[in-house]
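Here is a report for someone meeting this structure for the first time. Please look over the sequence and the model before reading on.

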Amino acid sequence: MRGYRALVSARFRALLQYRSAAIAGFGTQLFWGLIRIMIFEAFFLSSTLSQPMAQEDVITYIWLGQAFLVILPWNPDRELGQEIRSGGVSYELLRPLDLYFNWYSRSIALRTAPAMLRAIPMFIVAGLFFELQAPENFVAGLAFAASMVGMVMLSAAITSVLSISMMWTVSGDGITGLAPAVVAMFSGNIVPLPFFPDALQTVLRILPFSSLGDVQFRLYTGNLPVSELPLVFFHIFGWTLFFILLGRWMVARGVKRVVVQGG
Amino acid sequence: MTAPKVIVENLTKTYRVPERRPGLLGALVGVAKRNYRAIRAVDDISFTINEGELVGYIGPNGAGKSTTIKLISGILTPDSGTCEIDGLTPWSNRTAHVRRIGVVFGQRTQLWWDLPVIESFDLLRDIYAVDPDAYLKTRDELIDRLNIGSLVNTPVRLLSLGQRMRCDLVAALLHNPSILFLDEPTVGLDSVSKLAFRDFIREINAERNLTVILTTHDMDDIEALCKRVMVIGNGHILSDGSLSDLRKRISRDRHITVKISNPEFVTAGLESAVTVLQNGGQRVKLGFDPEVISASEVISKISSENEVRDLLVEDQPIEEIIAQMYEENAL
């Protein structure tokens, strides 16, 4: 464990150096947040039907989504991709570490460090000026925090699968194009999941993506009662385990393919 | 007599390389059906290495050097054959095995590109689970000996190649390995760095009884460091023994370089016993076999007919011997 912890921490610190990317990302996500809120305000004004979420909850939900956007598994680890292409990954086998968890550690750092750089200013700005509310109550806040840890674990497991798939796809461009669309749509980052048609709700709940933001943000606002927490954790851990096992299976197969260069 | 440190028996590794057909049509066909060509990079290799030995492992590009190193360091799994190092099989006991080895690759660093050197060292301490006190002692001693004290707070990407190589050496030794693999470690180093590197390897080999396996294309590395040399070509071991044995086997020739004042070199009845390798007018290089004709006889005959200003007798350079060996085996 000590080695993996050290890897997460080292990678985390290295990623904190990307300040200009964080500033640019913060600006974009603030702008997008405002647009999404305007659309929902228009929607609430024009509709007389009762809605699955209160308007102020939707606003908070949107800001949380913007603040934690980069936790979503929307891209593979680019540096890992380069290592795979150059054959450098084989040298990772010289470490007394399990190759999968070595990469999973990298994924955890990749999903948390940039998110922290963006989330803190987003909370301050949106909290002060754009109606980002505090958690519904203390317990809801705790439930949110605990489920966010789960979100990072799940997202890192999916990110690892995306990264490892570059052992077969070479460039990873296809994944980088496809993953954000699927993930953003089904995690509620475009429209909060409760606004999807009723017929789809069960499917959306079962898919892994609902644990990538939607349930967390609804716990925060109180839209999802804290009593749902065991089910939420069951869902997160189940899918995390699935993606970890998938990733490990892929690594075991992929290493044989990659480690062939050199005379 | 203790058991050898490294026991390799009948190791074989074949790569399957996809072959692309030429042209657009070929590329399209290749999408549907790939042809593979089997390349036997390492073919039935056996050897043993004793604890504390410093072995040179040489061969032309593509001979199977790196593949052997990758096999015995645990990165690759062979098609067949066995390898035991301290009782462990590298590829099946990988994590236990790599804990006990240190590796330096001249072509790449094992340090983290964007971290200061010292943080890379700390990270390695945690990865190899080295006891913190022992780590501090080893680290400070190595930093001192390789004189990198002023570099340790610099990010690795800002180091020069020579500086990086010294830091990489420290990194490879922090966990006190019992075997050190050096893969072309002196590529691109300046002469001062090369000399310092060789001194350090020689010292550490003697002090710690550390087993060292060195692959290189630099024959000066081999001459300076290795009592034993293994030569590999086309996946086979062509020769295994001391450098002087290797010399004797390939060619017993000595070279003699003469500088003269007279305008034309006179061979003085040596034509049958001596071959003229280079004739630059007043600077002539000759080769002879000391079993056929003694050096003193060659020298006396030359000086009787020429005005000799300077004269140098030397072994045939190891570079040439190796090149000759590669050629003879059609590599």
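This is a predicted model: local features need pLDDT of at least 70, side-chain atom pairs count only at pLDDT 80 or more; totals for chains, interfaces and linings use all residues.

Residues are numbered from 1 along each chain as its sequence is written, and chains are lettered from A and ligands numbered from 1 in the order in which they are written.

**Confidence**

The predictor gives the complex an ipTM of 0.81 and a pTM of 0.83. Chain B has an average pLDDT of 87 (the predictor's confidence in each residue, from 0 to 100). In chain B, 99% of the residues score at least 70. The table shows where confidence in chain B is lowest and highest. Helices (H or I, at least four residues) and strands (E, at least two) are DSSP runs, numbered from the N terminus.

| Element of chain B | Residues | Mean pLDDT |
|---|---|---|
| Helix α1, lowest | 23–32 | 75 |
| Strand β7, highest | 211–215 | 94 |

**Chain B as a whole**

Chain B holds 11 helices and 13 strands. Its C-alpha trace spans about 70 × 60 × 50 Å along its principal axes. Of its 331 residues, 34% count as buried. A residue is buried if 20 or more other C-beta atoms lie within 10 Å of its own, exposed if 12 or fewer, and partly exposed in between; C-beta atoms are placed from the backbone. Two residues are in contact if their C-beta atoms, placed from the backbone, lie within 7 Å. Among the contacts in chain B with a separation of 6 or more, 72% join residues 24 or more positions apart.

**Where the chains meet**

In the complex, 18 residues of chain A are in contact with 29 residues of chain B. On the chain A side, α1 (2–15) and α5 (89–92) are the elements that give two or more residues. α1(A) gives the most, with five residues. This side of chain A divides into 10 nonpolar, six polar and two charged residues. Here Ala, Val, Leu, Ile, Met, Phe, Trp, Tyr, Cys and Pro count as nonpolar, Asp, Glu, Lys and Arg as charged, and the others, Gly among them, as polar.

**Cores**

A nonpolar core is a set of buried Ala, Val, Leu, Ile, Met, Phe, Trp, Tyr and Cys residues joined through C-beta atoms within 7 Å. The largest has 138 residues, and Ala157(A) and Val170(B) touch the most other members. Helix α7 (residues 138–169) of chain A supplies the largest share of this core, 15 residues. Another core, of eight residues, lies apart from it and includes Val258(B) and Leu286(B). Leaving aside neighbours within four places in sequence, Val170(B) is in contact with Phe121(B), Leu142(B), Ile143(B), Leu146(B) and Ile148(B).

**Local features**

Helix α10 (residues 214–221) of chain A is largely enclosed by the rest of the structure, because eight of its eight residues are buried. Among them are Asp214(A), Phe217(A) and Arg218(A). Just after α10(A), Gly222(A) has a positive phi of about 90°.

Is Leu158(B) buried or exposed? Leu158(B) counts as exposed, because it has 11 C-beta neighbours inside 10 Å. Leu158(B) sits in the loop between α5 (132–145) and α6 (161–173) of chain B. Leu158(B) and Tyr36(B) are 122 residues apart in sequence and 42 Å apart in space, C-alpha to C-alpha.
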